[in-house]
Structure formats: C-alpha cells, structure tokens
Amino acid sequence: IKKVLLEMEDQKNSYEQKAKESLQKVLEEKMNAEQQLQSTQRSLALAEQKCEEWRSQYEALKDDWRTLGTQHRELESQLHVLQSKLQGADSRDLQMNQALRLLENEHHELQAKIERLQGDRDLCSSDTQDLQGLLQNQSVQLQEQEKLLTKKGQQIYYRKF
C-alpha cells in the first residue's frame, strides 16, 4: 500500500507540476493575448482616428468638388455668353469691313469722278479763256468797225452837206 501511496503521491505531484506548468503557460498566453489585445486596441484607435481624418478629408473634398462643379458650370455658361458675344462682334466686324470696302470703293469712284470733273473744268476753263480771247478780239474788231462806220458815216454826212 505504501508503494501505491507513494506512486499516487508521485502521480499527484506530477499532475500538480503539469497543472502548474499548464496554468503558467495559460497565464503567459493570457498575458500575451492581453498585450495583443491592447496592441490591437491601440491599432484600432489609430485606425479609427485615421478613418475619421480621411472621412473629414473626404467630406471636404466632396464640398470642394461640388464647389468646383458649380464654378465649372458658371464658367461654361460665361464662356457660352462670351462666345455668343464674340460671334456677334465677328458678324458686326464683317459687316463693318464690308461697309468700309463699299465706302472705299465709293471714295475711289468719287475721287475718279472729281478728277474727271477737274479735267473737264480745266478744259472748260481753257475753252472759256479761248472764248474770252475771241470775244475780246471780236469786241475790238467791232469797236474798230464802229469807229470805221462812224468815220464813214461822218464822211457821208459831210459829203451830203
């Protein structure tokens, strides 16, 4: 019996030792698990913080995107208005250029007409001078003929008497 008791005592000690080792191992695993849990919790807190920062940045970017979209639409609208004004200005410019060409052509025609009329005037002036000279000659001749006639008339008058 004693032997059995000793064996049982040894077994008990062996079981207690194994239980202590297992308990120690479990305690170490628990500590490791707690450390990992704390590490994971810190990582989760950091990840949540980063997530909140990114969410905030995302919302800010969404607002910026909306603002940029609105500005883009406004600028496109202004561009269309300016393009329309430019087309109107181009059309007016084309009309003005056509009117200018017509006026330039009319100016050239009038200039040519003025030159022709000046030539005609110069010709008429020359003809007028010629006619004036002729009239003066004829006037002188008439005066001379009148003098002659007056002399002849006086001579005839004197001869009668």
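Biologist: Before that, what should I know about the model and the numbering?
Modeller: This is a predicted model, where local features need pLDDT of at least 70, side-chain atom pairs count only at pLDDT 80 or more, and totals for chains, interfaces and linings use all residues. Residues are numbered from 1 along each chain as its sequence is written, and side-chain values use heavy atoms, leaving out hydrogens and water.

Biologist: How many helices and strands does the protein have?
Modeller: The protein has one helix and zero strands. Those are DSSP runs numbered from the N terminus: helices are H or I with at least four residues, strands are E with at least two. Helix α1 covers residues 2-160.

Biologist: What does the C-alpha trace span along its principal axes?
Modeller: About 225 × 20 × 15 Å. The protein has a radius of gyration of 66 Å, while a compact globule of 161 residues would have one near 15 Å. That radius is taken over C-alpha atoms, and the globule rule is 2.2 Å times the number of residues to the power 0.38.

Biologist: What share of the residues is buried?
Modeller: Buried residues make up 1% of the 161. Buried means under 20% relative accessible area, exposed means over 50%, and partly exposed is in between, using a 1.4 Å probe and protein chains only.

Biologist: Switching topic: how many salt bridges are there?
Modeller: The count comes to six. A salt bridge here is a side-chain nitrogen of Lys or Arg within 4 Å of a carboxyl oxygen of Asp or Glu.

Biologist: Why would side chains pair like that?
Modeller: Side chains of opposite charge can pair when their charged atoms come close.

Biologist: Which residue does D63 pair with?
Modeller: D63 forms a salt bridge with R66, with the closest N and O atoms 2.7 Å apart. They sit three residues apart in helix α1, so about one helical turn separates D63 and R66. D63 is partly exposed at 38% relative accessible area, and R66 is partly exposed too, at 47%.

Biologist: And which residue does E16 bridge to?
Modeller: E16 bridges to K12, at 3.9 Å between the closest N and O atoms. Both lie in helix α1, four residues apart, which is about one turn of the helix.

Biologist: What about K62?
Modeller: K62 meets E59 in a salt bridge, 3.7 Å from N to O. K62 is partly exposed at 29%, and E59 is partly exposed at 35%.
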